Amino acid sequence: MTAPSTGTSPESPVPDVGIPYELARDMSMAEQYEYLRTRLTRRRALVAASAFAGGGVLAGCAQAAGAPSRTASGSSPSPATSKVPGSAVTPFGRHLAFGADPKSQMRISWQVPFAVRKPYIRVGPTPWTLSRRIEAEVRHLHTPGLAGQRAALDQYYLHTALDRLHPGTTYYYGVGHEGFDPASRERHSTIGHFRTAPAHPEKFVFTAFGDQGVTPDALANDKVLLGRGPAFHLHAGDICYADGTGHGQKSDVYDPAAWDLFLKQTETVARTVPWMVTTGNHDMEAWYSPNGYGGQSARWTLPGNGFDPRHAPGAYSFVYGNVGVVALDANDVSYEIPANKGYSEGRQTAWLDKRLGELRRQVDFVVVFFHHCAYSTSTHASDGGVRDAWVPLFDKHQVDLVINGHNHVYERTDAVKGGKVGRRVPVGASTDPTRDGIVYVTAGGAGKSLYSFPDGVQDSYEGRVTRREAVETFHWTKSGRKKADTVEWSRVRYTGFSFLSVEAQAGPSPRLEVSALAQSGERIDHFEVRRGT
């Protein structure tokens with residue numbers, strides 16, 4: 001697809017409201033319209049604010065907001081922003097995340113299009129009693145302009161940490177700033193809510209996928225997902241695709257405004273459901289920090305209990321009910337895309353070994369999610385770096401479920417043990433990780449353009465099971481090359497938009513009931529995980 005008639009081309013400079021050619025060619029006309037509308041709205045608001053303020057300015061985000069501030073940037077930001085009246089600035093992109101303890105901690109994040117004064121949240125037990133008021137932290141993210149690709153952009157992300165909450169309790173909240181009070185009658189529709197984890201394990205559902213971006217299919221997936229009533233959602237990397245190249249280099253095509261659209265899209269779910277992300281290759285944004293995660297640290301507040309919370313936001317863990325969840329940054333071990341390979345110097349893998357051992361003694365089930373695939377046959381196939389570094393630890397600690405993205409399909413393995421099929425797990429079957437091995441799920445059909453399987457390999461899913469035991473594929477080696485494989489562990493394959501839905505049962509007979517749902521809501525796969533059966 002070519003860009004609309006804004007004068008943008010691969011060779012020409014980017015107008016203030018233009019779309020870079022490399023971004024436009026992967027966008028639908030509806031996405032291009034929304035992109036341009038957002039840019040125009042931002043420009044008009046600036047012009048109106050300038051007239052309102054008589055051309056005055058506020059110096060810097062921290063001074064304007066009256067709150068702690070930090071700036072992540074590839075270069076020094078402009079020291080001033082236009083003075084916009086607070087009543088004219090509407091917050092958007094609300095997203096929740098757990099702290100290290102989901103029973104008592106919640107993090108609320110959101111965005112404003114311009115610097116505001118004294119941002120805060122109101123919290124209370126009902127929508128009408130938002131009596132507790134807490135100051136917000138401002139994280140100002142400046143992206144420098146780049147001739148031929150993008151204009152400079154300042155983005156403002158706000159965060160509040162809620163601690164000492166009561167388990168199993170519903171709270172209501174509103175985000176605001178000077179001139180915008182969420183408790184006022186005219187702002188009442190902006191109020192959101194969340195529920196903390198229960199004090200004791202009980203039945204719950206969580207959902208997962210990777211590789212979403214901003215598309216109509218992504219939004220459709222979110223609507224079906226929300227209908228599952230998840231306690232939380234796992235996003236296994238490649239979150240927004242602002243970096244359209246995904247090599248983790250400053251030469252990548254990058255447009256930070258895509259994050260504005262993504263957070264608006266995601267708000268339909270994330271304002272009430274903790275949206276727990278980890279980093280994929282398209283999330284290494286080289287303009288903000290040496291490892292490219294400065295942008296992620298500005299946009300998200302995650303549990304921060306991993307091996308390096310300051311520089312690796314995508315590695316952490318939490319416990320919800322009888323399930324322990326571990327998020328990993330697979331860029332650290334990837335053979336396929338080596339931009340960040342080895343940046344943790346082994347610390348992430350050491351932390352993983354220790355944390356899996358701790359969780360194995362605390363909970364019934366351990367779920368691990370990250371981006372690059374340990375086992376898949378689609379376009380990117382399998383990453384040998386993940387296999388070499390982490391699969392032995394998954395086997396050692398008998399992990400119950402591994403969730404990946406990266407390949408834009410749904411694919412599910414049999415139980416894999418020692419790199420081979422430990423037990424066949426057809427649709428509807430039950431498996432025991434203590435005996436059979438681990439089931440690996442690629443859930444990369446969240447909304448971005450779909451991939452395919454190797455030539456001659458058909459989809460095989462619930463209601464349409466096809467017979468094929470061996471698939472010709474490959475895996476990435478340490479040299480960065482592909483090594484051919486003939487594998488028998490590819491059990492379920494679906495080329496369509498989809499997501500994973502997992503119901504965790506507690507009590508005397510705990511189990512995970514794992515389902516995959518198509519964008520239509522139709523079930524395309526299901527299986528059960530029980531331990532010691």
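**Reading a strand, its sheet and its rings**

Q: Which residues cover the two faces of β13?
A: Phe232, Leu234 and Ala236 lie on one side of β13 and His233 and His235 on the other, and all are buried. The model is predicted, and every value below is computed from it.

Q: How many of the residues of strand β13 are buried?
A: Buried stands for a relative accessible area under 20%. In strand β13, residues 232-236, five of the five residues are buried, so the strand is largely enclosed by the rest of the structure.

Q: In which sense do β12 and β13 pair?
A: Strands count as paired when there are at least two bridges between them. Strand β12 (residues 204-209) and β13 have four bridges, in the parallel sense. As a point to locate in the viewer, Thr207 stands opposite His233 in β13.

Q: What is the order of the strands in the open sheet?
A: The seven strands run β14-β13-β12-β27-β28-β29-β22, and the pairing is mixed. Its edge strands, β14 (275-278) and β22 (430-431), each pair on one side only. For an antiparallel case, take strand β28 (residues 511-518) and strand β29 (residues 523-529), which pair over six bridges. There, Ala516 stands opposite Asp525 in β29.

Q: Is Lys203 buried or exposed?
A: Lys203 counts as exposed, at 53% relative accessibility. The residue lies in the loop between β11 (192-195) and β12. Lys203 and Gly321 are 118 residues apart in sequence, with a C-alpha to C-alpha separation of 8.1 Å in space.

Q: How many aromatic pairs does a search of the whole structure find?
A: The search finds 24 aromatic pairs. One of them joins Phe370 and Trp390: the ring centres are 5.3 Å apart and the planes are at 75°, so the pair is edge-to-face. The cut-off behind that label is an angle over 60 degrees. Phe370 sits in the loop between β17 (365-369) and β18 (382-383), and Trp390 in the loop between α8 (384-389) and α9 (391-396), so the pair ties together parts that are 20 residues apart in sequence. Phe370 is buried, with a relative accessible area of 0%, and Trp390 is buried, with a value of 0%.

Q: Which residues do ring pairs link into a cluster?
A: The cluster consists of Phe98, Phe204, Phe206, Phe232, Phe318 and Tyr320.

Q: Which rings have a charged side chain over them?
A: Two cases can be given here. Arg133 lies over the face of Tyr120, 3.6 Å from the ring centre. The charged end of Lys264 sits over the ring of Phe92, 5.2 Å from its centre.

Q: How many cavities of 30 Å³ or more are there?
A: Rolling a probe the size of a water molecule over the atoms shows where empty space is left. The count here is two cavities of 30 Å³ or more.

Definitions and conventions. Residues are numbered from 1 along each chain as its sequence is written. This is a predicted model: local features need pLDDT of at least 70, side-chain atom pairs count only at pLDDT 80 or more; totals for chains, interfaces and linings use all residues. Side-chain values use heavy atoms; hydrogens and water are left out. Rings of Phe, Tyr and Trp (its six-membered ring) pair if their centres lie within 6.5 Å; planes under 30 degrees apart count as stacked, over 60 as edge-to-face and the rest as tilted. Buried means under 20% relative accessible area, exposed over 50%, partly exposed in between (1.4 Å probe, protein chains only). A charge sits over a ring if NZ of Lys or CZ of Arg is within 6 Å of the ring centre and within 35 degrees of the ring normal. On a 1 Å grid over the protein atoms alone, a cavity is a set of points where a 1.4 Å probe fits but cannot get out, and a pocket is an open set with protein on both sides within 12 Å along at least five of seven lines; lining residues have an atom within 4 Å of a point. Grid points are joined across faces, edges and corners, and a volume is the space filled by probe spheres set on the points.
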